[in-house]
Amino acid sequence: MIDLRGVIKSYKQGDVTTQALRGVDAHIPKQSFLIVLGPSGSGKSTLLNLMGALDLPTEGTVSVNDAIISEMGSKTRSQFRRKHVGFVFQDYNVLNTLSVKENIELGQYLSKRPMSIDEALRAVGLSGYETRYPYELSGGERQRLSIARAIVKRPDILFCDEPTGSLDETLAKDVLSVIQSLNETYGTTVILITHNEALRHIGSHVMRLKSGHIDSFTKNHEPKSIKDITF
Ligand SMILES: Nc1ncnc2c1ncn2[C@@H]1O[C@H](COP(=O)(O)OP(=O)(O)OP(=O)(O)O)[C@@H](O)[C@H]1O
Ligand SMILES: [Mg+2]
C-alpha cells in the first residue's frame, strides 16, 4: 500500500542543509500496524509527513495505492489527505471552543462516506460525551476525541506521531487499545511513531530509523494485545 523508493529529504536553512532522510526504501502492506522507533532526530516525523502527503521529498518517490503522492501539487495532496488519511499528534488536535460532537463533525467534512458521530464516539469509548467541551475531558479522553475526529471519515491510513507522549500509562493504554482495535475492526492501516520500546510488541511490523536510514524493518508474527504488555 505505501511504497517508498530512494526517499531523500533535506531541509535548507540559509547555508545549512540538514539531511533528515538519506535514502529510504520500504513497502508497508495494507492493513499493517507499523510501529516506528528511533532516536530523536532520526527522521521519524519527517517520514510520516511524507507518507501522509503533508510534505514532499527532495528526491525519490512516495506512493500510496499506486497514486504517486510525491508528484502531486499541493491542491491534489490536500484532496488526497482529506480522502485517505487521518492524523493524530501528541498535543491533541482538538478545538477547545467546540463541543465533542462539533469537533468530530469537523472530521466528517467533505468525506464521501463518513461514519456517524455515534459510531465514531463508540469506537473510542466516548458515547454520551457529545455535548462536553475538551476542557471537561481527561488527557486520555481528549486524545481519544482527536482519534474520533481522525477516523470519522474512515481513512485508509491513520498516522499517529507520539499519540501517547503526554499521557500516563493507564491513559496511554486506553488510547492504544482504541488504535489497535481500529486496525483490527476496520482494517485501517496504522503508522505509529513512539519512543516507547515496549510498543514494538503490539505492531504487525516494526521499523527502526537511525540517522535518516532504516536500521531494521521486521515483521511480528504474533503481535501482542496492549493489555498484555507493560511499559
Ligand atoms: N522543518 C525543518 N527544518 C529544518 N530541519 C528540520 C525540520 N524538520 C526536521 N528537521 C531536522 O531533520 C532531522 C529529523 O527530524 P525529525 O523531526 O524527522 O526527527 P524525529 O525522529 O521525529 O525526532 P523526535 O523523536 O525528536 O520527534 C532533525 O535533525 C531535525 O532537526
Ligand atoms: Mg518527531
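This is a predicted model: local features need pLDDT of at least 70, side-chain atom pairs count only at pLDDT 80 or more; totals for chains, interfaces and linings use all residues.
Colleague: How many helices and strands does the chain have?

Modeller: The chain has 6 helices and 10 strands.

Colleague: What radius of gyration would a compact globule with 231 residues have, and what does the chain have?

Modeller: A compact globule of 231 residues would have a radius of gyration near 17 Å, and the chain has 17 Å, so the two agree. As for the box filled by the C-alpha atoms, taken along the principal axes, it is roughly 50 × 40 × 35 Å.

Colleague: Now the helices. By what are two packed helices described?

Modeller: Two packed helices are described by the angle between their axes and the distance between the axes. Take helix α5 (residues 139–151) and helix α6 (residues 169–186): their axes come within 8 Å and cross at roughly 20 degrees. Angles under 35 degrees count as roughly parallel, which makes α5 roughly parallel to α6. The crossing of these two helices, α5 and α6, is right-handed.

Colleague: Which residues make the contact of α5 with α6?

Modeller: On the α5 side they are G139, G140, Q143, R144, I147 and I151, and on the α6 side L171, D174, V175, V178, I179 and L182. Sorted by class, the contact of α5 with α6 has 7 nonpolar, 3 polar and 2 charged residues.

Colleague: At roughly how many degrees do the axes of α3 and α5 cross?

Modeller: The axes of helix α3 (residues 100–108) and α5 cross at roughly 35 degrees and come within 7 Å. The crossing of α3 and α5 is right-handed. From α3, the contact uses V100, N103, I104, L106 and G107; from α5, it uses L145, A148, R149 and A150. By class, this contact of α3 with α5 has 6 nonpolar, 2 polar and 1 charged residues.

Colleague: Let us turn to the ligand. Which residues surround ligand 1?

Modeller: Ligand 1 is surrounded by Y11, Q13, T18, A20, G38, S40, G41, S42, G43, K44, S45 and T46.

Colleague: Which helices and strands each supply at least two residues of that shell?

Modeller: They are β1 (2–13), β2 (16–28) and α1 (44–51). The largest share of the shell around ligand 1, 3 residues, comes from α1.

Colleague: And how many nonpolar, polar and charged residues does the shell around ligand 1 have?

Modeller: The shell around ligand 1 has 2 nonpolar, 9 polar and 1 charged residues.

Conventions:
Residues are numbered from 1 along each chain as its sequence is written. Chains are lettered from A and ligands numbered from 1 in the order in which they are written. A residue is near a molecule or strand if its C-beta atom, placed from the backbone, lies within 6 Å of it. Helices (H or I, at least four residues) and strands (E, at least two) are DSSP runs, numbered from the N terminus. Ala, Val, Leu, Ile, Met, Phe, Trp, Tyr, Cys and Pro count as nonpolar, Asp, Glu, Lys and Arg as charged, and the others, Gly among them, as polar. Axes are lines fitted to C-alpha atoms, for helices over the stretch in contact, and angles run from 0 to 180 degrees between N-to-C directions. Angles under 35 degrees count as roughly parallel, over 145 as roughly antiparallel, 65 to 115 as roughly perpendicular and the rest as oblique. A crossing is left-handed if the near helix is turned anticlockwise from the far one by less than a right angle, and right-handed if clockwise. Two residues are in contact if their C-beta atoms, placed from the backbone, lie within 7 Å. The radius of gyration is taken over C-alpha atoms; the globule rule is 2.2 Å times the number of residues to the power 0.38.
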